[in-house]
Amino acid sequence: MNYTPLDPNHMQQQAATVLCCNCGVPMDGSSGLVMCYDCIKMTVDITEGIPREANVSFCRNCERFLQPPGQWIRAELESRELLALCLRRLKGLNKVRLVDASFIWTEPHSRRIKVKLTVQGEAMTNTIIQQTFEVEYVVVAMQCADCARSYTTNTWRASVQIRQKVPHKRTFLYLEQLILKHNAHVDTISISEAKDGLDFYYSQKNHAVKMLDFLNAVVPVKAKKSEELISQDTHTGASTYKFTYSVELAPICRDDLVVLPKKLAHNVGNITQFVLCSKVSNTLQFLDPTTLQTADVPASVYWRTPFNNLADVSQLIEFIVLDVEPTGDVRGRWVLADVTVARASDLGVNDQVYYVRSHLGAICHPGDSVMGYYIANSNYNSDLFDTLNFDRVPDVVLVKKLYQRKTRKNRNWKLKRMAKEHKDIDASQDYSSRQQKVDQERAERDYELFLQELEEDQEMRQAINLYKNSKPVDSEEMQETDDEAPQIDIDELLDELDEMNLDDPVEEQGEA
């Protein structure tokens, strides 16, 4: 039997063909469709019933979004969490198959969020099409229940009271930057200023304990706990308490002159008793400027036998360097040298000079100005100082080099600050406008000293976040700055994050 092969052209002619009822393009009629695929995509809308606009609720105080019915979640802009929240808020999306979803960039302060969606759905029988559309979400500012309770009385359940009995605020300024970097203040209801410190209020006890653990990890503190009974149910025996944690920071700050107890100095490496405080973290680091020997004192050891400083940075005076002779001893960034100095106030008056062994040999040159403690003409009310052998106590202790900064406000970087509520220390005490002006000037002076410390110490800058200053900097004034004055490299600065600044609890400030 002979078989005749089939002609492909003959088969194509035998296939049933129809014309598209819309555009007239020939198409296969075996599927039963009367319209081609392109016309179906143009005429049939599978996204019908899915709204193009929707709302999302945003709390202006705690920066959280509402996930119905009553859960508030934290989500950054263009994050996966925010995208999932937006998709859940879109009605009718379950009728189609979601293929892709992405954000379309919008101005962060416009209170608008745009999402581009790609979906698939059945347009006709056995016909699946894919379409892309945009949905715009309006960010509705409102207040969550936790923040609403914070504005009423007797709502906080725990508080952390941080105090430090020193005449300046440099330690608190550094602690503030640590809190902002690690976002340790996220659970606070409110923050208020008090005498010698800050008060943090929380709605739950575990939030206060979390803050206490953070403080123990970054600064030398000791804490005491107290509780107050608010209410008690006599039938069930349930009681409601308010908890207060009183936290005291060690009154030893960086660059302070300290006399260590003899037993403690022997136990931490047999260091001399007359030292400088070179670093403050969860431990206190002391430096002997005459030998470059260092010793770390843990917070637990310090609070076992606490002691105060002999002098602080407010008692520094200016000296002029006349001669520098390095001894050859180097430890890290410190270089030991014999330095000849004279008080700036004595120049042209007398020929009194002082020979000092100092750790500043790497940065001091003849003609430079340095800040130091003038021991020879000082009278200290300290029992530990009276026990020292005065033959071994130097006349002058140099602390740091003084840079002549002609411009202070035109920096190319800035810090973030926490917004704090001012609380009256004593309502019966009448503070005059003159006293308030003095306090403000002192606060600005402390803040400027803190900024200068950041410029001079790279190790200190690594622990906090510095941001690029968006304000224009006067180039002429920047050129007037001393060439030797330390500057912060642009690579160390972070780009300022675009946030939805709706009464943001973290305000941004430049220099004081």
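**Loops, strands and helices**

Reply: The model is a predicted one. A loop to begin with is the one between β10 (188-194) and β11 (197-202), where Asp196 lies.

Me: What is the phi of Asp196?

Reply: Asp196 is not a glycine, yet its phi is positive, at about 65°. Most residues other than glycine have a negative phi.

Me: Is Asp196 buried, partly exposed or exposed?

Reply: Its relative accessible area is 27%, so Asp196 is partly exposed.

Me: Which loop holds Glu63, and what is its phi?

Reply: Glu63 is in the loop between β3 and β4. Its phi is positive, about 60°, although Glu63 is not a glycine. Because its relative accessibility is 23%, Glu63 counts as partly exposed.

Me: Staying with the loops, where is Pro69 found?

Reply: Pro69 is in the loop that runs between β4 and β5. The peptide bond leading from Pro68 to Pro69 is cis, and its omega is near 10°. Most peptide bonds are trans.

Me: Changing topic to α3: which of its residues are buried?

Reply: Helix α3 covers residues 80-88, and Leu82, Leu83, Leu85, Cys86 and Leu87 are buried in it.

Me: And what do those buried residues of α3 pack against?

Reply: They pack against strands β3 (53-59), β4 (65-67), β5 (71-73), β6 (97-104), β7 (112-124) and β8 (127-142). Two of these, β3 and β4, are the strands on either side of the loop with Glu63.

Me: Now the helix pair α5 and α6. How do their axes cross?

Reply: The axes of α5 (residues 170-182) and α6 (residues 205-218) come within 11 Å and cross at roughly 120°. Angles of 65 to 115 degrees count as roughly perpendicular and those over 145 as roughly antiparallel, and α5 and α6 are therefore oblique to each other. Their crossing is right-handed.

Me: Which residues make the contact?

Reply: From α5 the contact takes Leu175, Leu178, Ile179 and His182, and from α6 it takes Met211, Phe214, Leu215 and Val218. By class, seven of the contact residues are nonpolar, one is polar and none is charged. An α-helix has 3.6 residues a turn, so residues three or four places apart point the same way.

Me: On to strands. In which sense does β13 pair with β9, and with β12?

Reply: β13 (residues 239-249) pairs with β9 (residues 158-163) in the parallel sense, over six bridges. With β12 (residues 221-232), β13 pairs in the antiparallel sense, over eleven bridges. Val160 has Tyr245 of β13 as its bridge partner, while Glu227 has Phe243 of β13.

Me: How many residues separate β12 and β13 in their hairpin?

Reply: There are six residues between the two strands, and in the turn Gly237 has a positive phi of about 80°.

Me: Last topic, the sheet with β18. What is its strand order?

Reply: This open sheet has five strands in the order β20-β19-β18-β21-β22, paired antiparallel. Strands β20 (354-358) and β22 (396-402) are at the edges with a single partner each, so one side of each has no neighbour in the sheet. From one strand to the next, the twist averages 40°.

Me: How many bridges join β18 and β19?

Reply: Nine bridges join β18 (residues 317-331) to β19 (residues 334-343), and the two run antiparallel. Phe319 stands opposite Arg343 in β19.

Key:
Residues numbered from 1 in each chain as written. Predicted model: local features only at pLDDT ≥ 70, side-chain atom pairs only at ≥ 80, totals over all residues. Heavy atoms only, no water. Axes fitted to C-alpha atoms, helices over the stretch in contact; angles between N-to-C directions. Helix = DSSP H or I, 4+ residues; strand = E, 2+ residues; numbered from the N terminus. Parallel < 35°, antiparallel > 145°, perpendicular 65-115°, else oblique. Left-handed = near helix turned anticlockwise from the far one by under 90°. Contact = heavy atoms within 4.5 Å. Nonpolar A, V, L, I, M, F, W, Y, C, P; charged D, E, K, R; others polar. Pairing = 2+ DSSP bridges. Buried < 20%, exposed > 50% of the residue type's maximum accessible area, 1.4 Å probe, protein only.
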